[in-house]
Amino acid sequence: MTSLQAIDIFLETDGKIIVFSDLDGSLLDHDTYDWQPARPALEALKHRDIPLVLVSSKTLAELEEYSQQLDLQCPVVAENGAVTHFPVDYFPATTTLSTATLTRAQLQTLYEEVKLARSFKCKAFYELGVSGIVRETGLTERQAARANEREASEPILWLDSDDRAVQFEKEMMARGLRCIMGGRFLHLMGATDKGAAVRLLMNAYSSKWPDKILMSVSLGDGPNDLSMLASTDIAVVIPGKHKHRMTLSTRNRVLKPPSPGPVGWNEAVLQILAKH
Ligand SMILES: [Mg+2]
């Protein structure tokens, strides 16, 4: 079954679409962080009252800023799934969305232990400091400070070989941690991911709209999006600026817009909504 046939069948029912999206390289341009090319699709989502949940490696402070810019009153998933936040009274009072994880301080202790023991060449956000983050990301100082307001993950600038990165990941996994490759950084975090957060949120949406049939759509460009893309009914793989393979099982209905960033995002969302 193609994705669009699936949408036709879904729309014969009284369904509700929920959209989950990555930011960097997906809704935001990889280099300029611009989202304007996606404006038509964003307006179409708003017009149809379809929730857009931002799911990012960014911090809650950064996502709150984007939620404001995009005029969204929806849940957000920060730090690659380690932190989920939703507006007051958005979900029924009984909703719990905890993804048990480690604090940033605990992650830093384990990171230092492994880095020292094996002399890995890398620099974590807390080692770079705000000025280093500015240098490596092109963010302004204020943006970099917000990017460093982390609760439960630590981005790491990898300066060693790819083989050594695999070794590093193994060492971290042996300690119950996860390393997820984002667009620019390797993200160290506890045993959770974007997919786990999306599945929890879909359960919460089921209790918010118990009489509706829900259809989930996700959009992402990087390997850190794979767990999210695999967790939704429709997966939109935005062409990414990285060398990692984006392999999804055929269980998902996959759309692959030809254009990267917000241009591809806009095309894919409008294509899905054209069936609405
Ligand atoms: Mg991305």
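**A walk around helix H2**

The buried residues of helix H2 pack against strand S1 (15-21), strand S2 (52-55) and helix H10 (261-273). Packing here goes by contacts, meaning C-beta atoms, placed from the backbone, that lie within 7 Å. Helices (H or I, at least four residues) and strands (E, at least two) are DSSP runs, numbered from the N terminus. Keep in mind that this is a predicted model: local features need pLDDT of at least 70, side-chain atom pairs count only at pLDDT 80 or more, and totals for chains, interfaces and linings use all residues. Residues are numbered from 1 along each chain as its sequence is written.

So which residues of H2 are buried? In H2, which covers residues 39-47, they are Ala41, Leu42 and Leu45. Looking down the axis of H2, you'd find these buried residues within an arc of 100 degrees, so they line one face of the helix. (The arc is that of the directions from the helix axis to the C-beta atoms.) An α-helix has 3.6 residues a turn, so residues three or four places apart point the same way. On the face turned away from the buried side, H2 carries Arg39, Glu43 and His47, which are exposed. Buried means 20 or more other C-beta atoms within 10 Å of a residue's own, exposed means 12 or fewer, and partly exposed is in between. After H2 comes Asp49, with a positive phi near 60 degrees.

Now zoom out. The chain has 10 helices and 11 strands. Its C-alpha atoms fill a box of roughly 60 × 40 × 35 Å along the principal axes. Of its 276 residues, 41% count as buried.

Key
Contact = placed C-beta atoms within 7 Å.
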